[in-house]
Amino acid sequence: MNPTITVIEALRNSLTAAARFNRSDMVAPAAILWTDADSQWEPLVVQLRPLMPELLTLGEYHPEEKIGPAIWIRCVIERTLQDIDLPGNAILIIYMPNVSRQTLRAVEECPDSLKPLVELQYRGVVWTQHNGRDWTVEAFLVSEDGGLSLDVARDRHTRRSMITALGQLAVTTITRLLGKRLEAEDFDKLMVEDTPRDLLVWMNSSAETQEKWDANKWAAFISRCKSEYAFDPDKDGEIVAGENLGMREDEVWKNLWRRFEESPLLYPGLPELLRRSKPSGKLIFDKEPWPDENDSEEKTLRQELLGLSAKSPAEAKNKIEELEERHKRRRDWVWAKIGQSPLAIALEHLAVMTDEVSQSMGGDSADAMASIYKDSGYKADMSAILALSSVKSAEDSKAVEAALRSIYLPWLDDAARHFQKLVTANPLPSGCGELPGINAEVGECLLFADGLRFDISQRLIAMAEEQQLKMSSNWRWASLPTVTATAKPALSPVAEQIIGKQLGEEFRPVTKEGNKPLTIDRFRKLLASKNYQVLGPSETGDPEQADACAWTEFGEIDKLGHTLQSKLASRITEQLELLIERIRDLLKAGWKQVRVITDHGWLLVPDGLPAVKLPKYLTECRWARCAVIKEDSKVDIPMATWHWNSHEQFAYGPGVNCFSNGNEYAHGGVTLQECLIPDLLFSLSDVPSTVTAKIKEIWWHGMRCRATIDSGGAKITADLRTKPNDPTSCVTGPKTVSADGSVSLLVEDDDLEGTMVSLVIIDPSGSVIGKLATTIGGNE
């Protein structure tokens with residue numbers, strides 16, 4: 001989580017993250033349901049609308065404000081109403097005040113007015129905590145699992161002040177709330193008149209804001225502006241305010257600008273005001289505050305990047321360095337923060353790429369090249385992807401494309417040809433003897449992620465470190481050709497039960513027993529025969545089973561690459577977020593380790609990889625980067641042996657060439673990017689807990705569990721879970737154990753009475769340090 005954003009921006013990020021889904025396992029959710037039994041969040045809805053145009057609210061019919069009854073909302077979701085302005089294919093968010101998730105779940109008792117929305121809880125997702133309970137304001141602020149991890153007092157006065165000050169709390173940066181215990185007084189202070197905030201709100205939408213304020217507040221606002229800013233909103237108007245803000249000639253206006261910089265997305269009308277307010281008769285030395293100046297520099301940068309297509313690689317490199325020196329300051333401007341400087345952002349990655357391709361990718365062996373690549377060479381590929389993902393418009397994409405084709409593509413091809421020369425002389429390891437499959441240790445889950453290229457895996461590692469996962473990284477050579485049909489079974493635990501006969505059209509091996517083509521179903525049966533739990537994309541299996549080990553597959557990087565081509569770059573971050581979430585779910589379910597493996601990498605160059613002529617009539621089959629040549633055909637194309645049968649050979653594209661035109665994304669050949677693959681091991685932190693606790697007594701009063709716990713005064717929490725090591729299986733939600741060792745946990749779902757659960761004790765790091773089985777509603 002980025003602590004520099006505001007609370008309301010964090011709320012928006014959490015809501016939109018609820019829509020993330022694995023496209024290989026499910027379809028997009030129809031909507032995100034935001035249930036709020038006590039209407040705690042209602043004061044923020046108006047503030048959220050500028051940030052989230054996809055937000056609808058359940059209520060009386062006011063379509064101009066995107067508010068309406070359940071039947072109207074259903075029509076909006078189904079896109080049958082043409083007069084509602086909605087953003088593209090965005091997944092709609094439905095805010096439901098005075099409605100709890102339990103109300104929706106109880107279908108028969110659900111009010112008729114809500115019934116049109118009931119089925120959306122099955123076709124969509126509900127924004128809830130991991131324990132399935134609604135997000136309250138307090139839970140969102142304090143939760144360490146999806147919330148803001150703030151230290152908030154739990155007394156009645158603090159809760160009341162927190163809700164009262166919610167509108168002001170929403171526009172406060174998280175940084176200001178960290179590092180201290182927040183009590184009633186802290187929230188009360190937010191309610192004190194805040195002239196800078198009010199002035200920015202008014203400048204953002206002057207007419208609408210004045211209409212909302214009553215006469216007394218408007219008069220007080222004018223008085224404060226006169227006193228603090230020497231400015232009269234009533235007489236001078238918003239144009240004068242915009243000019244003063246942009247010119248920043250006085251300290252008070254400089255401070256107001258800093259306040260705007262903290263959370264510019266909250267004031268979407270200010271950029272346009274600044275455009276209208278820029279003085280025409282004054283010489284502008286400070287260009288930063290004026291969005292049109294930034295626009296002009298973006299336009300200039302775009303033209304200069306497009307011009308790289310006519311330059312040599314050396315000239316293009318020098319030009320990138322020059323442009324970076326000139327434009328890097330703009331990444332610190334507020335306009336970059338709100339997405340108005342995409343090329344300045346992309347330029348940073350192009351500069352890193354340029355620096356990396358200037359380094360030699362030599363070496364006298366494939367392993368020597370691999371060592372250079374895994375130490376730093378991969379950053380060229382990573383930076384190329386990041387540069388592409390930084391831009392959205394077609395004209396900006398063309399500018400980045402020109403830079404990559406001028407600098408990155410020649411480097412890519414040169415490195416590929418050197419690598420191919422080396423492996424022709426000394427082939428890469430091949431066959432199960434030299435390149436054996438991977439077997440899981442007891443308690444380990446193998447997670448296969450198709451097309452997790454080495455540079456992309458380094459971003460996954462960074463994410464894991466941010467989330468404090470323990471991890472170790474290694475690498476290995478992929479099996480040839482670098483296509484899934486060959487390479488995936490080669491690194492699997494059942495590799496020894498597979499053999500190769502003929503290459504055929506799919507590069508697919510066969511089962512050793514029966515010589516049957518290795519289909520997905522047969523592959524899974526082989527895994528099951530070795531006592532592997534074969535898990536679906538959302539299953540976590542049974543890690544408590546004796547000698548437990550598992551195989552699961554997740555992600556769709558390769559699938560998206562073939563479908564989207566170079567547009568894959570914009571989807572990588574989403575795929576990595578889903579993957580790290582999957583890893584955490586498996587670890588939290590009790591697997592000791594998750595080992596992430598992959599089959600191959602890939603090449604990606606916008607506007608297409610170069611092509612070499614290989615007539616189809618000379619081949620048995622021809623893929624983008626590999627082909628099977630007919631026995632009686634002669635071709636001047638590099639050849640390599642098939643992993644599954646050394647007597648079978650295939651052709652691969654020289655350098656980064658494909659055998660057909662129009663491939664921006666491709667694999668199957670022999671380059672470092674395709675052949676050097678990551679092997680990653682993830683586990684939860686193994687730092688031993690310094691906290692000990694013992695459950696002394698446990699008893700039930702109806703559905704309320706009470707317990708006495710001896711922890712020596714340490715700060716611990718208690719929870720009731722159906723699976724002790726899985727936080728998502730909790731039936732109550734964690735609660736802090738009081739200083740005297742007592743704790744009370746209420747199970748709200750009566751249907752759970754008689755269910756076996758465990759009372760678990762959790763230390764500050766989130767580790768379970770004690771547990772005791774109990775029956776909900778029992779008397780033990």
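Author: What follows begins with the strands and then turns to loops and charged side chains.

This is a predicted model, in which local features need pLDDT of at least 70 and side-chain atom pairs count only at pLDDT 80 or more, whereas totals for chains, interfaces and linings use all residues. Residues are numbered from 1 along each chain as its sequence is written, and side-chain values use heavy atoms, with hydrogens and water left out.

Five of the five residues of E4 are buried, so the strand is largely enclosed by the rest of the structure; here buried means under 20% relative accessible area, exposed means over 50%, and partly exposed lies in between, with a 1.4 Å probe and protein chains only. Ile93, Tyr95 and Pro97 point one way from E4, while Ile94 and Met96 point the other way, and all are buried. Strand E1 (residues 32-36) runs parallel to E4 and is joined to it by five bridges, where two strands count as paired if DSSP finds at least two bridges between them. Within this pairing, Leu33 stands opposite Ile94 in E4. Strand E2 (residues 55-58) also pairs with E4 in the parallel sense, over three bridges, and there the bridge partner of Thr57 in E4 is Tyr95.

Asn98 sits in the loop between E4 and helix H4 (101-105). Asn98 is exposed, with a relative accessible area of 59%, and has a positive phi of about 65° although it is not a glycine. A second residue of this kind is Ala230, whose phi is positive at about 50° although it is not a glycine. Ala230 is found in the loop between helix H13 (215-229) and helix H14 (233-247) and is exposed, with a relative accessible area of 71%. Most residues other than glycine have a negative phi, and most peptide bonds are trans. A cis peptide bond joins Leu480 and Pro481, with omega about -5°, and Pro481 is found in the loop between strand E9 (470-477) and helix H25 (484-490).

Strand E24 (residues 717-721) is joined to strand E27 (residues 756-762) by five bridges, and the two run antiparallel. In E27, the bridge partner of Thr717 is Ile762, and that of Asp719 is Val760. Two bridges join E24 to E25, again antiparallel, with Lys735 in E25 as the bridge partner of Ala718. Four of the five residues of E24 are buried, so this strand is largely enclosed by the rest of the structure.

Turning to charged side chains, a search of the whole structure finds 47 salt bridges, each being a side-chain nitrogen of Lys or Arg within 4 Å of a carboxyl oxygen of Asp or Glu. Among them, Glu297 forms a salt bridge with Arg329, the closest N and O atoms being 2.5 Å apart. Glu297 lies in helix H17 and Arg329 in the loop between helix H18 (313-327) and helix H19 (334-337), so the pair ties together parts that are 32 residues apart in sequence. Glu297 is buried, with a relative accessible area of 10%, whereas Arg329 counts as partly exposed at 36% relative accessibility. The side chains of Glu324 and Arg331 also meet in a salt bridge (2.5 Å, N to O), and both Glu324 and Arg331 are buried. Arg453 forms a salt bridge with Asp455, the closest N and O atoms being 2.6 Å apart; Arg453 is buried, and so is Asp455. Salt bridges that share partners also join Asp194, Arg197, Asp198, Arg224 and Arg259 into one network.

Pro279 and Gly733 are 454 residues apart in sequence and 57 Å apart in space, C-alpha to C-alpha.
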